[in-house]
Structures are given as C-alpha cells and as structure tokens.
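The following explanation leads through one chain, from its overall make-up to its individual contacts. Please keep the sequence and the structure in view while reading.

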Amino acid sequence: MLSRLFAPKVKVSAHCDLPCGVYDPAQARIEAESVKAIQEKYQANDDPHYRARATYIKENRAELAKHHISVLWSDYFKAPHFEKYPQLHQLVNDALKAASAAKASTDPATGQKLLDLIAEIDKIFWETKKA
C-alpha cells in the first residue's frame with residue numbers, strides 16, 4: 001500500500017542534467033581566437049618580457065579551448081550524434097590535439113588550424129540543435 005502511495009506518477013527522461021542551451025562551441029572559438037591573436041602579437045614584438053606574458057596567456061587560453069571542446073564531446077554530444085556524424089570522434093580528437101599544438105607554439109598557423117577545426121565542430125553542433 002505504501003509503495004503505491006509513494007510510487008512516481010510520471011516517468012520522465014532527460015537528454016542531459018541541464019538544459020542543452022548551456023553548451024555552445026562559441027566558447028572554444030573565442031579562446032582559440034585569443035590564442036591566434038596572441039601568437040600574432042608575439043611575432044610582432046621582440047620584447048622578452050612581453051613575449052613571456054604573451055606565452056603565459058596563450059597557454060592558458062589554449063587550455064580553456066581544450067576544456068570547452070572536451071565538455072562538448074563528453075556532455076553535449078550523445079550516441080545519436082556520433083551515429084549521424086561518424087567523423088565527430090576524430091574531429092574532436094583532432095581539435096584537442098590542435099589546441100595542444102597551439103598551446104606549445106607561437107606560430108599563428110597553429111591557432112588558425114584550431115579555429116578551422118572548431119568551425120567544423122560548430123557546424124555539426126548547430127545541425128544537431130536543429131534536429
């Protein structure tokens with residue numbers, strides 16, 4: 001009798017713990033844009049103190065880009081997304097590796113590569129939001 005009294009009346013299911021609106025590749029893109037801009041400023045300045053500060057900030061921003069990409073991969077994208085976009089696992093892995101490369105480099109080309117990969121993730125992300 002008590003079990004029927006306290007039994008749930010409605011069954012629910014959710015895609016994620018929070019509304020999916022909290023996820024957006026724009027966060028990773030903004031950090032990657034900072035990485036590339038810092039790499040360009042680094043190349044244009046010979047002051048060793050400026051370069052040391054630029055390197056420190058660039059490395060932090062690249063790490064934040066990696067974080068935002070990882071959160072999308074682990075918290076937003078689900079099995080149906082990976083089934084529809086079989087390249088997604090490799091794309092995310094490539095983007096994480098590109099963020100590591102940009103973190104370790106002062107060459108703006110590495111920052112651009114990261115931006116290009118984030119743009120591909122962004123395209124898939126917004127396609128999944130339409131579904």
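The account below begins with the chain as a whole and then turns to its helices, its core and its aromatic rings.

This is a predicted model, in which local features need pLDDT of at least 70 and side-chain atom pairs count only at pLDDT 80 or more, while totals for chains, interfaces and linings use all residues. Residues are numbered from 1 along each chain as its sequence is written, and side-chain values use heavy atoms, with hydrogens and water left out.

The chain contains six helices and zero strands; helices (H or I, at least four residues) and strands (E, at least two) are DSSP runs, numbered from the N terminus. Read from that terminus, the order of elements is α-α-α-α-α-α. The chain has 131 residues, of which 34% are buried, where buried means under 20% relative accessible area, exposed over 50%, and partly exposed in between (1.4 Å probe, protein chains only). Its accessible surface is about 8,500 Å², and carbon and sulfur atoms account for 57% of that area; such areas come from the Shrake-Rupley method with a 1.4 Å probe, and for residues only the protein chains shown count as cover. Of the contacts between residues at least 6 apart in sequence, 74% join residues at least 24 apart, a contact being heavy atoms within 4.5 Å.

Helix H2 (26-43) may be taken next. Its 18 residues should span 26 Å at 1.5 Å a residue, and the end C-alpha atoms are 26 Å apart, which agrees; the expected span of a helix is 1.5 Å times one less than its number of residues. The buried residues of H2 include Ala 28, Ala 32, Val 35, Ile 38 and Tyr 42, and the buried residues of this helix pack against H3, H5 and H6. Ile 38, in helix H2, has a relative accessibility of 14% and therefore counts as buried. Leaving out residues up to four places away in sequence, Ile 38 touches Ala 54, Ile 57, Lys 58 and Arg 61. Between Ile 38 and Pro 108 there are 8.3 Å from C-alpha to C-alpha, although the two are 70 residues apart in sequence.

Helix H6 (residues 108-130) carries the other end of that pairing. H6 has 23 residues and reaches 33 Å from its first C-alpha to its last, close to the 33 Å expected at 1.5 Å a residue. Among its buried residues are Pro 108, Leu 114, Leu 115, Ile 121 and Phe 125, and the buried residues of H6 pack against H2, H3, helix H4 (79-84) and H5. Leu 115 lies in helix H6 and is buried because its relative accessible area is 14%. Apart from residues up to four places away in sequence, Leu 115 touches Arg 29, Ala 32, Glu 33 and Lys 36.

Which residues of the largest nonpolar core touch the most other members? Of its 26 residues, they are Ile 69, Leu 72, Phe 77, Leu 88, Leu 114 and Ile 121. H2, H3, helix H5 (88-104) and H6 each supply at least two residues of this core. A nonpolar core is here a set of buried Ala, Val, Leu, Ile, Met, Phe, Trp, Tyr and Cys residues joined through side-chain atoms within 4.5 Å. Ile 121 touches Ile 69, Leu 72, Phe 77, Leu 91, Val 92 and Ala 95, not counting residues up to four places away in sequence.

The structure also holds five aromatic pairs. Tyr 23 and Tyr 76 form a tilted one, with 5.9 Å centre to centre and 55° between the planes. Rings of Phe, Tyr and Trp (its six-membered ring) pair if their centres lie within 6.5 Å; planes under 30 degrees apart count as stacked, over 60 as edge-to-face and the rest as tilted. Tyr 76, at 3% relative accessibility, counts as buried. The ring centres of Tyr 76 and Phe 125 are 4.7 Å apart with the planes at 50°, so this pair is tilted. Because Tyr 76 lies in helix H3 and Phe 125 in helix H6, the pair ties together parts that are 49 residues apart in sequence. Tyr 23, Tyr 76, Phe 77, Phe 82, Phe 125 and Trp 126 form one aromatic cluster.
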